[in-house]
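Visitor: I have a model open beside me and would like to learn how to read it. Could you walk me through its features one by one?

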Amino acid sequence: MDSTLSRITLLQGDITKLNVDAIVNAANSSLMGGGGVDGAIHRTGGPIILAECRQIVARQGRCATGEAVVTSGGNLPARYVIHTVGPVWHGGNNNEANLLQNAYSNSLKLAVENGIETIAFPNISTGVYGFPKEKAAEIAIQTVTEFLSKTDQIRQVYFVCFDQENYKLYHILMNL
Ligand code: AR6
């Protein structure tokens, strides 16, 4: 447990600036970009990311909620972008918690399959998609901790909080 926690780092700021193997995008099922962190990633990464997303959709269709796909990082410092789709919050009785858990664990599985050792997550679903922040933080921390306890390949996971509220919540929940 201790060695697992030492592989998780909390940061506040803009995920597009991070020099890691992969950053995770809180995308939507179309994979065609949007606002929030998705907009920032496509803006900074450049058109190559959207071109790769189009190829993925042409090949396998839209990305279902809780699933993940990978593209290159384009002009980002990160080598890869893992695009995952978090659930829209509909009150909590529509499998939202499981779907959010899947978004984190499927991103990590894809990371392992691609030889990724360092990966940064935004606070998936807690913006436009309206997932309650504290519940989302609990799910994120628990899912990542459990995953790391079963693999050595991922050396470092970064939780990147953009807003102060999320940062404070993670700070408390991670006992920092
Ligand atoms: N770096 C890190 N985190 C960020 C950044 C950034 N540059 N910008 C925003 N955030 P959201 P969602 C945080 O709305 O709720 C898009 O339009 C933000 O403060 O980006 O999963 C997609 O296309 C929040 O905590 O994603 C989808 O349609 C977190 O990122 C939809 O929004 C997630 O907020 C997905 O909604």
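Visitor: Of the contacts in the chain with a separation of 6 or more, what percentage do residues 24 or more positions apart account for?

Guide: Keep in mind that this is a predicted model. Here 71% of those contacts join residues 24 or more positions apart.

Visitor: How many helices and strands does the chain have?

Guide: There are 6 helices and 6 strands. Reading from the N terminus, you pass them in the order α-β-β-α-α-β-β-α-β-α-β-α.

Visitor: What does the radius of gyration say about the chain?

Guide: The idea is to compare it with the value for a compact globule. For 176 residues that value would be near 16 Å, and the chain has 15 Å, so the two agree. The C-alpha atoms fill a box of roughly 40 × 35 × 30 Å along the principal axes.

Visitor: And how much of the chain is buried?

Guide: A residue is called buried when its relative accessible area is under 20%. Buried residues make up 48% of the 176 in this chain. As for the surface, the chain exposes about 8400 Å², with 49% of that supplied by carbon and sulfur atoms.

Visitor: Which residues touch the most other members of the largest nonpolar core?

Guide: That core has 30 residues, and the ones touching the most other members are I82, Y104, I119, F121, V144, F159 and Y170. Elements giving two or more residues to this core include strands β1 (8–12) and β2 (22–27) as well as helices α4 (96–113) and α5 (133–148). Helix α5 provides the largest share, 8 residues. Apart from this core lies another, of 18 residues, with I15, I23, A120 and V160 among them.

Visitor: Let me try A26: is A26 buried or partly exposed?

Guide: A26 has a relative accessible area of 22%, so A26 is partly exposed. You will find A26 in strand β2, where it touches V37, D38, T84, P122 and I124, again not counting residues up to four places away. The C-alpha atoms of A26 and G127 are separated by 9.4 Å, although these residues are 101 apart along the chain.

Visitor: Last one: how many positive and negative side chains are there?

Guide: The chain has 13 positive and 15 negative side chains, and the centres of the two sets lie 5 Å apart.

Definitions and conventions: Residues numbered from 1 in each chain as written. Predicted model: local features only at pLDDT ≥ 70, side-chain atom pairs only at ≥ 80, totals over all residues. Heavy atoms only, no water. Helix = DSSP H or I, 4+ residues; strand = E, 2+ residues; numbered from the N terminus. Rg over C-alpha atoms; globule rule 2.2 N^0.38 Å. Buried < 20%, exposed > 50% of the residue type's maximum accessible area, 1.4 Å probe, protein only. Contact = heavy atoms within 4.5 Å. Areas by Shrake-Rupley, 256 points an atom, 1.4 Å probe, with all protein chains shown as cover. Lys, Arg positive; Asp, Glu negative; His and termini not counted. Charge placed at Lys NZ, Arg CZ, Asp CG, Glu CD. Core = buried A, V, L, I, M, F, W, Y, C linked by side-chain atoms within 4.5 Å.
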